[in-house]
Amino acid sequence: MAASTDHVEDLVGKEYEHGFVTDIEAETAPPGLSEDVVRFISAKKDEPQWMLDWRLKAYEHWLTMQEPRWAHVHHQAIDYQAISYYSAPKTKDDGPKSLDEVDPKLLETYAKLGIPLEEQKALAGVAVDAVFDSVSVATTFKDKLAQHGIVFCSMSEAIKNHPDLVQRYLGSVVPQGDNFFAALNSAVFSDGSFVYVPAGVRCPMELSTYFRINASKTGQFERTLIIVDEGAYVSYLEGCTAPMRDENQLHAAVVELVALKDAEIKYSTVQNWYPGDEEGRGGIYNFVTKRGDCRGDNSKISWTQVETGSAITWKYPSCILRGDNSVGQFYSVALTNNRQQADTGTKMIHIGKNTSSTIVSKGISAGHGQNAYRGLVKFAKGAENARNYSQCDSLLMGDKCGAHTFPYIEVSNPTAKVEHEASTSKIGEDQLFYCMQRGISEEDAVSMIVNGFCKEVMKELPMEFAVEAQKLLGISLEGAVG
Amino acid sequence: MLEISDLRVSVGGKDILKGINLTVNAGEVHAIMGPNGSGKSTLSHVIAGREGYEVTGGSVLYGGKDLMEMEPEERAREGVFLAFQYPVEIPGVNNVYFLKAAVNAVRKHQGLDELDAIDFMKLVKEKAKAVKMDESLLKRAVNEGFSGGEKKRNEIFQMAVLEPKLAVLDETDSGLDIDALRIVAEGVNSLRNEHRSIMLVTHYQRLLNYIEPDYVHVLADGRIVKSGDRRLAEELEERGYGWVLKREVAA
């Protein structure tokens, strides 16, 4: 697991690189959101005027907006004035001193996922004090990408070093006023990832787990922007299979993807934020806006997500199929157990000619979990010969959970072709008994049946990620049967 | 191997088995015959440990151990195999992958090392050949889209790979045409040996034309009303179940 060590090393290296510890320690904005807070954040990050103006515009817009209420989820009202919108990165003194101080249940899960010890410490927030020869590893990685002209850095760095690209594309897919949470994010986003792949370049590696740990430090309002120029390709992996704890309950990230002519973006997510206890207390609210713009002809954007964490998940990774012949794909597994709620799906907006989209959604509900698929497939007037295939399958475990499907289809062009298939099934006692009669434990049987159900989505994940995600599904459902 | 004494079982408050006595020794093949609703399938399910059955009396010893105290997967690992009347489909789960999980669960229980992919494939191919199982079925999801005959053959194939000590075949002949029946029977015969006990649960005598049982028992209304050798099966074929049941009432 050399790669895993790299993450830790990067983490350690990164803190020093940015001088977080020395610069902004002990500085936290008071709770509440105001224009001053937005200015404070921007100043803390030493941003140029244009960035501050952009944030302020978003803030003004946010003030005029109402929190949406249409999702099939229930939670207590969020007090936006009780949240602190800027807190300095944690110092080493804040976290547990060693793994002995960490919740044994969490450690058990890490062990089952096969996460190396050093990485466990980082995930659990234990101060990693060791001095690695980290800089060299990170540098090698960045050098290799730089050789291809690929920019892969934090959003803060991009604002400083690539202002032209950021100014041109930031908000071009998800405008500041797009929705309540996107506006909030635009005003106060903490950090995130920035990727630019120049024309004709095929990114030689999965841009990935490099940020696996770092991402947990980017805070509750993450902002990601990925631009893939003409004829270029990138595969980006976000998230982590290990459960991540965070005292920030509200997470409102924005992800924007731009694919120019002949470009392809593959974006894979494994989301496993803390779901709360069995009653759902303390879990993360994950309200995310993810959208990709197939801006050029023959471009392709593919979203794959495995959502097992968070108390409430509310996200619709979408594709705007603007270029002719462009392709949008959405492959999703959403699992809800105990009191978890998920309202997730996608929007496929067909604008260009001969555009095509595929939606494969697998919802798994156990315990008291509530799982909704919500999707919009829209064919604009000019979308000649566009087509969509949607498949929504739900798997229920037990009789206290729920599965809901809300497919919307809007067609303004008579040549459009739409296919929609949906199924709901229950993990049968027949299936479980059959497995157990062959000697397979109930736990393994559930995991096997669920993974079989999700196979079409799992095969879209990069290999290493897929193996972890499979284990994760099994672990997330422990105790769900019997 | 298997010692059933005065076994009483009810389902939802209704008595189904009303005192079964049956001893099956290693190497023996027993046919359990009987009309519909006599309790044949209940008997096989109870042996395998399916939920929903309440044991209200009697005992079942397997290799001297109390079988009823064991979880279904534990029974399987100890060598009890049930060939299902209606094999279950598990979409998306590869047949070989499924079987490998099963074999390794059994091996682990026996304190043996798990088989690696190469050794396992070798074993699978050898067994598939032995029971004339089409290799293309191995690559598919467990029973998904299989024909009735293919499903039953898959059961026999799994049995060949798992090498159980006690195999219970629940109506394995039902729904099979004569060719499929012959192939399944050949599979079972090839697995017959002096260490393995086999219970054939069947409504019809025709399976017994291909698999010759050592003993035949007639189950009716939750009891074994008559036992004999294979000639009993032939008699049943000729005269139906009526005469056995009548005699039982008269006695």
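Student: Across which strands does helix α1 of chain B lie, and at about how many degrees does α1 run to β1(B)?

Tutor: In this predicted model, helix α1, residues 40-48 of chain B, lies across β1 (2-11), β2 and β4 of chain B, and runs at about 110 degrees to β1(B).

Student: In what order do the strands of that four-stranded open sheet come?

Tutor: As a general idea, strands of a sheet pair through backbone hydrogen bonds, and they do so either parallel or antiparallel. Here the open sheet of four strands in chain B has the order β2-β1-β4-β5, and its pairing is antiparallel. Strands β2 (14-24) and β5 (65-66) of chain B stand at the edges with a single partner strand each, so one side of each has no neighbour in the sheet.

Student: How many bridges join β4 to β5 in chain B, and which residue is the bridge partner of Leu61(B)?

Tutor: Strand β4 of chain B, residues 54-62, is joined to β5(B) by two bridges, and the strands run antiparallel. The bridge partner of Leu61(B) is Asp66(B), which belongs to β5(B).

Student: What is the strand order in the open sheet of six strands?

Tutor: That sheet, also in chain B, has the order β6-β9-β10-β3-β11-β12, with mixed pairing. Its edge strands are β6 and β12 (223-228) of chain B, each of which pairs on one side only. From one strand to the next the twist averages 20 degrees.

Student: Turning to the interface, how many residues of chain B are in contact with chain A, and what area do the chains bury between them?

Tutor: There are 29 residues of chain B in contact with 18 residues of chain A, and the two chains bury about 2,000 Å² between them, 65% of it on carbon and sulfur atoms. Of the area that chain B buries against chain A, Arg50(B), Val88(B) and Phe98(B) supply 24%, more than any other three residues.

Student: How many salt bridges and polar contacts are counted between the chains, and which element of chain B gives the most residues?

Tutor: The count between chain B and chain A is two salt bridges; Glu155(B) forms a salt bridge with Arg438(A), with the closest N and O atoms 2.6 Å apart. Between these chains, 12 residue pairs are in polar contact, both residues being at pLDDT 80 or more. Helix α3(B) gives the most to the side of chain B that touches chain A, with six residues. By class, that side of chain B has 20 nonpolar, four polar and five charged residues.

Student: Which residue forms a salt bridge with Lys132(B), and where do the two lie?

Tutor: Lys132(B) forms a salt bridge with Glu186(B), the closest N and O atoms being 3.1 Å apart. The pair links distant parts of the chain, 54 residues apart, with Lys132(B) in the loop between α4 (117-130) and α5 (135-138) of chain B and Glu186(B) in helix α7 (residues 178-190) of chain B.

How values were computed: Residues numbered from 1 in each chain as written. Chains lettered and ligands numbered in written order. Predicted model: local features only at pLDDT ≥ 70, side-chain atom pairs only at ≥ 80, totals over all residues. Heavy atoms only, no water. Pairing = 2+ DSSP bridges. Contact = heavy atoms within 4.5 Å. Axes fitted to C-alpha atoms, helices over the stretch in contact; angles between N-to-C directions. Buried area = accessible area lost by both parts, 1.4 Å probe. Salt bridge = Lys/Arg side-chain N within 4 Å of Asp/Glu carboxyl O. Polar contact = N/O pair within 3.5 Å; in protein donor to acceptor, adjacent residues only side chain to side chain. Nonpolar A, V, L, I, M, F, W, Y, C, P; charged D, E, K, R; others polar.
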